[in-house]
Amino acid sequence: MPVIVIREGDSFEASIKKFKKQCEKAGILSEVRKREAFEKPSVKRKKKAIAARKRLAKKSRGYRER
């Protein structure tokens, strides 16, 4: 659970920005999006395999494209 300490003199915008950064660091929004809808185990496996293939392809390309 992200907690921020609001000091005297901190603006509302700065406090919100700190809170959003803490939430992003904790991975709360990604967790919420992941749990929004049920995903069958077979679909999860398929997505995981596709992501692994993409990572491998990206890794094999290396820095030669620059």
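A residue counts as exposed when its relative accessible area is over 50%, as buried when that area is under 20%, and as partly exposed in between. K47, with a relative accessible area of 51%, is therefore exposed. The model is predicted, and a search of the whole structure finds four salt bridges.

**Salt bridge E39–K47**
- E39 pairs with K47, and their closest N and O atoms are 2.7 Å apart.
- K47 is exposed, whereas E39, at a relative accessible area of 27%, is partly exposed.

**Salt bridge K18–D10**
- Between K18 and D10 there is a salt bridge whose closest N and O atoms lie 3.3 Å apart.
- K18 is partly exposed at 35% relative accessibility, and D10 is partly exposed at 32%.

- E31 forms a salt bridge with K34, with 3.8 Å between the closest N and O atoms.
- Both residues belong to helix α2 (residues 28-35), where they are three residues apart and thus separated by about one helical turn.
- An α-helix has 3.6 residues a turn, so residues three or four places apart point the same way.
- E31 has a relative accessible area of 28% and is partly exposed, while K34 is exposed at 60% relative accessibility.
- A network of salt bridges links E31, K34 and R35.

**Helix α3 and its end**
- Helix α3 covers residues 41-61, which makes 21 residues.
- From the first C-alpha to the last, helix α3 reaches 30 Å, close to the 30 Å expected at 1.5 Å a residue.

Methods:
Residues numbered from 1 in each chain as written. Predicted model: local features only at pLDDT ≥ 70, side-chain atom pairs only at ≥ 80, totals over all residues. Heavy atoms only, no water. Helix = DSSP H or I, 4+ residues; strand = E, 2+ residues; numbered from the N terminus. Expected span 1.5 Å × (residues − 1). Salt bridge = Lys/Arg side-chain N within 4 Å of Asp/Glu carboxyl O. Buried < 20%, exposed > 50% of the residue type's maximum accessible area, 1.4 Å probe, protein only.
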